[in-house]
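User: I have a protein model to go through for class. Could you take me through it step by step?

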Amino acid sequence: MSEKTCTIIYNGEPLVGAVNQPLIDFLTERGKKLPHVCYHPALQPLESCDVCWVEANGEKVRGCTLRTFQGLEINSEGEWPRAAQQEGMDRILNRHELYCTVCEHNTGDCTLHNTVADMHIPIQYYPYQRKPTSKDHSNPFYTYDPDQCILCGRCVEACQNVEVNETLSIDYTQEHPRVLWDGGTQIAGSSCVSCGHCV
């Protein structure tokens, strides 16, 4: 075997591919779906959604943190991984108003909607709690809707470490955390450059 390739075992099936590739990308290329929401290939693992839990060589870890290596054995379908993935998604849906049939962003490319469908989740386990802050329509390119935001942190990570603008943050000390522009200003009055990573 070349030192640039490896064989991993995924739910009992051997898969051959590149060494040191992010596990989620490796699986996606082979038509395998590991549930995930916060992971994005252009960003570092955020570990915020708790939907990608797996057992890796007997250890309980988030799949988004793993990279392939020879001898990696992954179980994503056992009793514990399934329960952990379900709990992660249930907690996300507690922060998101799931009205996909009338959502203006229902274009078939919604990571959350597609992951819910892939996981065959029939109902929201925890009742949705509406947030006390209103939408911010002040930017001509996008709207921030707290009732749709799942606090995955992808926009913050892209702003801080891809665009390196450091406009966005999330204040988790608040009773109702939300994404903030320059600590709490309207989007239109902030240092946001509308780079497109958040849209």
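User: Let's start with Val116. Where is Val116 found?
Analyst: Val116 is found in helix H3, residues 111–118. Helices (H or I, at least four residues) and strands (E, at least two) are DSSP runs, numbered from the N terminus. Please note that this is a predicted model, in which local features need pLDDT of at least 70 and side-chain atom pairs count only at pLDDT 80 or more, while totals for chains, interfaces and linings use all residues. Residues are numbered from 1 along each chain as its sequence is written, and side-chain values use heavy atoms, with hydrogens and water left out.

User: Is Val116 buried or exposed?
Analyst: Val116 counts as buried because its relative accessibility is 10%. Buried means under 20% relative accessible area, exposed over 50%, and partly exposed in between (1.4 Å probe, protein chains only).

User: And what does Val116 touch?
Analyst: Not counting residues up to four places away in sequence, Val116 touches Met89, Leu93 and Ile121. A contact means heavy atoms within 4.5 Å.

User: How far apart are Val116 and Leu98 in space?
Analyst: They are 10 Å apart, C-alpha to C-alpha, and 18 residues apart in sequence.

User: Switching to the core: which residues of the largest nonpolar core touch the most other members?
Analyst: Ile8, Leu23, Leu27, Leu34 and Ile74 do, in a core of 17 residues. Strand E1 (5–10), helix H1 (23–29) and strand E3 (53–56) each supply at least two residues of this core. H1 gives the most, with four residues. A nonpolar core is a set of buried Ala, Val, Leu, Ile, Met, Phe, Trp, Tyr and Cys residues joined through side-chain atoms within 4.5 Å.

User: What does Leu27 touch?
Analyst: Leu27 touches Tyr10, Leu15, Lys32 and Leu34, again leaving out residues up to four places away in sequence.

User: What about a second core, which residues does that include?
Analyst: The second core is separate and has 13 residues, among them Val37, Cys49, Val51 and Met89. Met89 is also one of the residues that Val116 touches.

User: Zooming out, how many helices and strands are there?
Analyst: The protein chain has four helices and seven strands. Along the sequence, their pattern is β-β-α-β-β-β-α-α-α-β-β.

User: And how much of the chain is buried?
Analyst: Buried residues make up 39% of the 199 residues.

User: Last one: what does the C-alpha trace span?
Analyst: Along its principal axes, the C-alpha trace of the protein chain spans about 55 × 35 × 35 Å.
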